[in-house]
Amino acid sequence: MESSNSLSEGGPAMMAQEYCCASADEGAESGPHVPFVLERREKEEENWRTAVSHQLKKQCTCSSERAKAQVLGFVPILKWLPRYQLKDWILGDVMSGLIVGILLVPQSIAYSLLAGQDPIYGLYTSFFSSIIYTLLGTSRHISVGIFGVLCLLVGQVVDRELALAGYITESIRNNATLGLGMGNSTGGPVCDRSCYAIMVGTTVTFTAGVYQVLMGLLQVGFVSVYLSDSLLSGFATGASLTILTSQVKYLLGLELPRAQGWGSLVKTWVSLFQNLGQTNLCDLVTSMVCLAVLVPTKELNDRFKAKLKAPIPFELFVVIAATLASHFGHFEQEYGSKVAGAIPTGFLPPQLPSWSLIPNVAVDAFSIAIVGFAITVSLSEMFAKKHGYVVDPNQEMYAIGFCNILPSFFRCFTTSAALTKTLVKESTGCQTQMSGLVTALVLLLVLLVISPLFYSLQRCVLAVIILVNLRGALLKFTDVPRMWRVNRLDTAIWLVTMATSALINTELGLLVGVMVSAFCVLGRTQRAQALELGRAGHRELYQDLASYNGLQSQPGVAIFRYEAPIYYANQSLFKKALYRCLGLDPVKEKARRRKLEKHRRKQEEVAMMTGGEGGTKGKEKELTTKVFLPNQVNFHSVVIDCSPVLFLDTAGVNALKEVYKDYKENGVQVFLAQCNTSVLESLNRGGYYPEKGMGEKERVFFTISDAVLYAQSLSSQNGDCDTSC
């Protein structure tokens with residue numbers, strides 16, 4: 001078998017070829033241990049111009065097959081619809097579509113209030129988003145439509161812009177002509193508060209959709225991986241507290257403007273307590289009755305969902321009963337109860353967003369776009385994994401982007417996937433995206449025929465529906481102790497994100513959560529474990545000496561592992577951890593030796609001046625033997641296990657070079673083992689390997705055993721190992 005005791009010239013080896021089986025005893029007799037050697041595969045570096053030209057040619061080449069693949073990839077329904085199994089799938093899709101459509105009717109009306117819009121616009125939003133996602137989406141199970149957190153974010157922007165335009169409360173109507181698509185300063189239709197609110201909402205939605213489509217074009221679907229489950233859960237829970245607070249005024253029948261700015265939750269509760277005396281008793285009683293009905297019936301649905309073929313639509317029953325009671329009881333006229341009002345049938349003509357409002361809402365739209373995409377992708381991937389198929393994150397970005405862009409021309413507001421309706425859709429037998437079309441047909445029936453019948457529906461009933469649907473997010477608080485036991489860091493991220501979203505600002509909560517998550521990742525590299533390893537019996541298995549019993553230290557060799565990348569932010573921490581773990585700081589040792597040498601010379605000078613050379617020889621000998629390193633530590637070589645080191649930057653390579661140099665000056669050899677190819681390339685480019693002709697020994701090994709055996713055989717050959725070795 002051919003073998004070599006060094007790496008090939010020019011850097012680390014890359015591809016496995018041979019293994020040399022010399023033992024430690026053979027190495028001691030015939031020379032240094034021959035390590036495991038890989039032969040480097042030469043790679044031709046492509047000129048950047050050639051690489052760019054190749055990529056442009058690849059992307060710009062047009063053929064019928066490529067055009068077909070692009071069309072099928074962008075409109076997935078063209079791919080799966082021809083393979084639709086009508087007999088096997090149609091029943092499940094129709095059943096799930098009907099149930100989700102029925103549930104969406106009251107929820108669409110309710111969440112419209114949360115977004116600061118009239119009820120009809122919520123129905124429009126659910127209708128258009130169901131159709132568009134069916135055409136463009138890749139997930140078979142998620143339900144795309146109104147989502148509470150996004151409605152809250154949109155509503156906050158709408159209320160802010162309404163206040164800036166002079167609409168202070170919901171009861172104020174400004175008849176001035178605003179020139180925002182519905183009219184202009186020289187004449188035209190009047191744009192009242194409702195008109196201006198939907199103008200702001202559609203502009204936010206359009207801008208968010210443009211962001212999402214641009215992110216899809218730039219292939220940045222991977223950004224969803226940076227939004228952890230704990231971050232999204234904490235953000236949703238914090239936003240749920242804000243939603244709950246915003247709906248209490250409807251439960252009590254109070255007319256209060258939505259608090260703006262930081263600390264809106266606290267401001268809202270203060271305002272609620274200050275106005276408790278103005279509570280509308282009719283709304284309060286209706287709210288209590290609806291809560292008493294919906295909370296236990298929701299629990300029954302959840303408890304018996306395995307036995308029920310479909311969840312019972314208690315929300316719809318409550319809406320019908322409450323509407324009839326309000327209509328025949330004349331709650332609006334007799335008790336001043338706030339009702340949904342006129343809900344027109346049919347569709348309004350399309351209109352453009354307000355271009356002048358885009359600069360005002362651009363920042364808000366970006367955070368809304370990120371939240372909507374992250375929730376949609378996380379849910380689609382979760383259900384795809386559960387049912388054994390694959391979704392495309394970038395195509396999901398396109399789908400949700402166009403679910404916002406196109407409906408914005410028809411007075412719709414921002415949408416995303418929603419967990420509750422997705423679970424209902426899955427549990428009722430959904431097989432493909434076809435169920436979305438069935439849902440759209442149910443909503444179309446409501447829009448064309450039934451919607452005016454909801455005129456007398458009290459707003460407090462809609463608020464109750466919203467609160468009941470927040471149960472899942474609010475129950476997360478009961479999971480905090482379990483989360484803390486499982487992972488304290490993730491729980492801390494959850495708590496910080498939740499508290500910031502609820503108590504300070506909803507959008508800021510998401511940003512703070514991302515920053516805290518990033519700092520936690522950075523902190524893990526700053527506080528990486530530094531371990532001294534031992535060998536398990538005669539196996540080539542090396543683990544932490546402090547964690548396992550029965551491990552054996554290798555005579556004369558200290559084995560060290562640093563469980564983090566080594567880069568500019570932690571390179572000094574790496575060196576400190578190495579020195580502390582091995583009990584030898586070569587810099588301090590070198591300084592101590594200089595100090596002892598200086599002290600020895602001073603004693604010699606004094607002895608020569610006093611003529612007492614003979615009396616100082618014993619002390620001189622004692623001083624010089626103290627700096628002989630092998631008598632102070634039990635190792636002559638250090639092996640650094642680099643298997644956990646994912647990458648090195650320039651500072652990391654320099655840190656390893658300094659460690660090698662400083663230890664060598666103290667008589668200790670340093671070897672690296674189990675480096676991945678990225679680390680090997682960084683070492684090669686950073687000049688870690690000695691120049692040709694310098695006569696240096698091997699520095700990098702592919703296994704810890706090779707490094708240990710080589711170090712022991714080399715020390716035995718040079719006679720550097722003391723009797724304890």
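User: pLDDT is the predictor's confidence in each residue, from 0 to 100. For residues 1-29, where pLDDT stays under 50, how many contacts beyond four places in sequence does the model have?

Analyst: This is a predicted model, in which local features need pLDDT of at least 70 and side-chain atom pairs count only at pLDDT 80 or more, while totals for chains, interfaces and linings use all residues. Residues are numbered from 1 along each chain as its sequence is written, and side-chain values use heavy atoms, with hydrogens and water left out. A contact means heavy atoms within 4.5 Å. For residues 1-29, the model has 68 contacts beyond four places in sequence.

User: What percentage of the 725 residues count as buried?

Analyst: Buried means under 20% relative accessible area, exposed over 50%, and partly exposed in between (1.4 Å probe, protein chains only). Leu-98, in helix H5 (residues 86-114), is partly exposed because its relative accessible area is 37%. Of the 725 residues, the buried share is 49%.

User: Among contacts between residues at least 6 apart in sequence, what percentage join residues at least 24 apart?

Analyst: The protein has 28 helices and 11 strands. Among contacts between residues at least 6 apart in sequence, the share joining residues at least 24 apart is 80%.

Note on methods:
Helices (H or I, at least four residues) and strands (E, at least two) are DSSP runs, numbered from the N terminus.
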